[in-house]
Structure formats: structure tokens, C-alpha cells
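Biologist: I am new to this model. Please take a close look at one part of it, the disulfide bonding, and walk me through it.

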Amino acid sequence: MRQTFLALSEDKVTMHLWLLLLILAPGREQSGLAPKAFIHLTPPWSVNFDGEKVTLTCRDSNSPTRGDISWYYNDNLLKEESGEIQIMKTGYYKCKTKGSSLSDPVHVRFSSDWLILQASHPVFEGDYVYLRCRGRKEEDISEKIYYKDGEELGGNYNSDSITINSDSLDNSKYHCTASRRGFWGSRKETSKPIQIQVQELFPPPVLTASPSQPIEGSPVTLKCETWLPPEKSYIQLQFCFFREDQALGSGWSSSSGLQIPAIWSEDSRSYWCQAETVTHSTMKRSLKSQIRVQRVPVSDVNLEIQPPGGKLIEGENLVLICSVTKGTGTITFSWHREGTIRILEKKTQRSLSAELQIPTVKESDAGRYYCAADNIHGPILSTLITITVRIPVSRPVLTIRAPRAQAVVGDVVELRCEAWRGSPPILYQFYHEDATLGSSSAPSGRAASFNLSLTADHSGNYSCEADNGLGAQHSDKVILSVTVPSRSKIILITVGVISGLLIILVLAATAALVCKFKTQRKSGGLSATGIPSYSPNECQGPSLSKPFRTGTQEPTHSEPPVLMDLQPVYSNVNPGDSGLVYSEIWSIQRTKENLANSPRMHQEHEGLTVIYSELKKSHPDDSASQARSSDRAHDDDRENYENVPCASSALGH
């Protein structure tokens, strides 16, 4: 291209620069510019002898070419409108079809020289070029030699044509020499130098983005657009896309398009692409294009909770979901609790919603919550949502309050049921042997009471139940015993007291009588009844600390006047204890020996024994306490008489 521009006039150079600016103008997409037309030469040589004809054919990407065709000779429009024209004039030729843009100019030269150097046409980037040294009379020349920039190209001596790679052309000039034979002999001829016209295999690609100003988060399609001339349509190209200097996608691909699933504000950078042949012979890159991603501010921030309603039970999981209706790019979500400065949680992500989980909520988690969302344009707050946490009731404790230690019929007792934990209101129910007694509600929680007037049927197990709608809890059972005082028990207690008093009086009288008899008898003798006599100081009875032993003196008379049953004689023993009265009972046992030797029975004293009995006194004070406790009355009656384990001894032992 540069060689062509050097050979053009100043006006032609200006026109081509305008065309180049038109192609690369900012904002003009390649899809709006049709591919260039292409001129094909027959014969395929750009230099010919005068008088020869060259056929020019205009082609575009469509085959065959359709529509009107325009031809230009040195930038002047020709009248010909056909697809082919024949030329015999030196100059620059261009064409244009209805479906293409203006072709690159082709320079065709007609020479009057005797020796010319011809170059094949067209020559595309990466192609091989054929150079042919030709004389007007080919049979008269010999010893052809080819030169590049004045230096001989070795290895091509006397060749009709040579082949060189277009990549090595640069701005070099080529010519050839040959020996011409004539009647005068032989002389050396030299051609005029030529610069080889190398056409683009494909123009530099143009990168386009669709849409050109994408919204953040939306997909974008990149296109790397270029084209091949019809003669080179068989060549395969591959493409690669770049953001700044970083390759996108999987690198090189046969596709000229690349789709970015979502583009973000931080992707607002420079983009460009490259196209090359699969043989890597030709590579071209596009100009850089700036893609600016549009960010949409967040709006309509909403906070919702799971489970819905905001009423939770202690121990459940709470999920706070913060979402926005609109907003693109990276959004920062944060969760807050009213009255606290500390942020509960903060998450930054590319999504329209985020969630915060609070596992196992506690009573302290109750309150009002809100969230905020921000994508650089400033935080937007949601409305407040109230969270309540209800606590199931704990196991209640039942206590029974009675006016006395032992409840009796007619007492009024208080049943108090209390749950230490639980959200109000709490409904308490009271049970006696699983039968409902009644219920009581505690609007503010804690405890409730139930008063019960006791009857004879109220002995047994009592329990209570607490329920605040989150599950009922039962207390342990408490046993209540109700004493029932009866008429028979009261009479029995009264009779027992009177009987005890009479016994005490009888014993006291007997002891006084015995003591009187003893003082009238001599020491060691027996009374008329056969009871041993005592000295006056013996009337207080023997000590319980050692067994009572009878005297051993003989009676004054040898035989009793009459053999009769001896009656027991009672005397007080150790009456010093105010709470106890002991009686001393004497008896004479009848044995066969007694009957056989009755006159001496009083001398042997072997049948005489001592028995002690314990008699509890009854005081006037006791009757009142016995009336209050009918159960203890029976026990007192049984304790009026008890055997005292005193030692018994035979009289005269």
C-alpha cells in the first residue's frame, strides 16, 4: 500500500487518506462498511509492452458480482459499467460494485522498452511473487540476471522467472539484465526498476460491541470483523479478543465473535482483537475500543424474614432476606438492629438479594430489624420489621400452703403453681388424682394460685400444668394427707383419760392401805393376807435400779386359819417421776407343794413374785391436745399400760 501511495499524485493521496479515516473513524462500526471490491488482471502482469491489451475484472464477495459496477481511471469515473474492461493505457484503476466499497488501486504500466521485468498480480500478504524478465523479442535475449536493490540475486542465472516471498519485499526495487544479440553482435540490456504491489490479504479487523453501552450485569457480544478477497476465500482465519492486555475466553478461536455472559462496571476498559491466518503468516490487530458499562443504582430495598410473621419460638432459626428490585453490579448488603450501632453482618456480592441466618434465636434477639443495600451510589434502607421471640414454659413447681402442719377437714389450702420461664400469658391448671380442680391464667407469667377448702376426699396426689400455647408442662406430684376427726375417737379419748385417772386413784389408795398394814406388823412378818410386812420406810417401794426382794422372816403363826386366794396388792413404786406411775403387784402362786404343805407355805415364800406395770398419767392439759389429734388418741390409749422389763424374783430367795 505504501508503494502505491508514493506513486500517486497529491490529490490521490488525499483521497486515500480520507477513505482510511472513514474506515477507522470512531463510532463507525465495521458492519456499516461493505467489503472492498477487488480487481483481477488477465494476463496477471502489472507491466506489459505497448500495444498489448490487459483485461480488468471487478469482483466482490458475492459470486457472481451483482448490481451496477463503477470504474475509475486515475480517480476519474469511466463510462463503462460492465464487470470487465480492456485497457491499453498506463495508470491507476479502481472499481466499485453495489455490494462493495471502492477497491484498492491497481497500477498497470505499458512500456516501450526492449526489456521489462514483470511481476505477478495480484500479490497478497504472505504470497509468493513471480518475477519474469522478458524481452520484446524473446528469441534474441539470453543470460538473464535478477537484482534486488542493485544486488544480484544469486542462484537464478539465466532463469526465465524466479519466485520470492512477499514478506521479504519491503520497499525494495527489483530489475533485471539480459544479453541482446543482433547483427552488431551482443550487448547488455537493463529493465526499469519496479516496486511490487502487495495487497492486503485482509484489512485490520474492527472490534464492535453490542450493545455499545451495556448495562451492568447484561451480556455483551464482541465482534472482530474483517474479510478475505474472493481469490483467497479458502484461507482460514482465527481470532482472539483482549481486555487491556489480558486474553478473554479460551484464547484463539475460529469464531469472529465472543459473548461475555455478564459485564460489570469494573470491566469498563479498553478492548481489542487480533486476526491471523492459521499458518501464522499474516496477523493484524484492531484499534482499541473503550467500552463503558452503565451501572443502575439500587432501589426498592426490602427485608423479609423466614418464618414469615416475625413470631419465633426460642431455639428456632431466623433468616433475614434483604433484596432489591433494581440495581446492577456488586451490591453491598448489611443488616442492622434498631438501637445498636454495630452491624450484624455485611455481604458484598453480584446478586439482587442476600440472606443472613441467625441460628437458635434467644429471647435477647427480639427487636426491630432493617437492612441496607449499596452499589456505590449510596445506601438505601428497608423498612423496619419487628421480631418477637416466645419462650416455652419450663416445668412448673407445685407448692401446697396449709394453715397447720397436719391439714384437717375444713382447712383452706393454697395450691400455687409456678413456671420459672415462659412467655406470658400462661394458663395454669390444677389436678387432684388427674381430675381437674380448676384453672387460673397469669397474664404477666410466673405463678398462679388456687384455693381449696378441704373435705374428707381431698387426701391424695396433687399436680399442676402450665401452658402458654407452645407446649404444656406438668409438675411433679405432691401428696396431701387430710385428717378426719370422728365422734367415736373423741369418746374413746375421753374414756381413756377418765380410766387413767381412776386407776391412779385406786393405786394410790391401795398403796396407802398397804403401808398402813405394814406399820402395824412386826418387822419381817406377814400380814393377815399373807403379804410380808415392811418397815415404815419401805412404803415408798423398791428402787427400779435393783430388783425388789421380799423378807425372809418366819410368820408368827404356823398355819393360816383359812386357805384362800390371795388378792393382789398394789403399791406405788418410784412415784418420783411425774410422768409415770409404777404399780407393784404381789401374788402367791399355788403349786402342788403349796397345797400339800399349806401350813408352811408362808415360810417358804417360793410362789411369791413381783410384776411391775407402767401407767402413764393423764393430765387435764392432755385432753385438749387429744381432741385436736384423733389419730394420736389411739396411740395414747395403747400407751396407758405397758410392761416394764423389771426383774422378778421369788420371795425368800
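**Sulfur links**

Modeller: Cysteine 417 and cysteine 464 form a disulfide, with 2.0 Å between their sulfur atoms. The term disulfide covers a pair of cysteine sulfur atoms within 2.5 Å. The model is predicted, so local features need pLDDT of at least 70 and side-chain atom pairs count only at pLDDT 80 or more, while totals for chains, interfaces and linings use all residues. Residues are numbered from 1 along each chain as its sequence is written, and side-chain values use heavy atoms, with hydrogens and water left out.

Back to the link. The torsion about the S-S bond of cysteine 417 and cysteine 464 is about 70°, so this disulfide is right-handed. Cysteine 417 sits in strand S37 (residues 412–418) and cysteine 464 in strand S41 (residues 460–467), so the pair ties together parts that are 47 residues apart in sequence. A strand here is a DSSP run of E, at least two residues long, numbered from the N terminus. Cysteine 417 is buried, at a relative accessible area of 0%. Cysteine 464 is buried too, at 1%. Buried means under 20% relative accessible area, exposed means over 50%, and partly exposed lies in between (1.4 Å probe, protein chains only).

Searching the whole structure finds five disulfides. Two others follow.

One of them joins cysteine 58 to cysteine 95, their sulfur atoms 2.0 Å apart. Its S-S bond shows 80°, and the link is right-handed. It connects distant parts of the chain: cysteine 58 belongs to strand S3 (residues 54–59), cysteine 95 to strand S7 (residues 91–97), and the two are 37 residues apart. Cysteine 58 counts as buried, at 3% relative accessibility. Cysteine 95 counts as buried at 0%.

Next come cysteine 133 and cysteine 176. They form a disulfide with sulfur atoms 2.1 Å apart. The value about the S-S bond is 75°, and the link is right-handed. Cysteine 133 is in strand S11 (residues 128–135) and cysteine 176 is in strand S15 (residues 174–182), so this pair ties together parts 43 residues apart in sequence. Cysteine 133 and cysteine 176 are both buried.

Which cysteine sulfur is closest to that of cysteine 240? The one in cysteine 273, but at 9.1 Å it is too far for a bond. Cysteine 240 is buried as well, with a relative accessible area of 3%.

Terms used:
Helix = DSSP H or I, 4+ residues; strand = E, 2+ residues; numbered from the N terminus.
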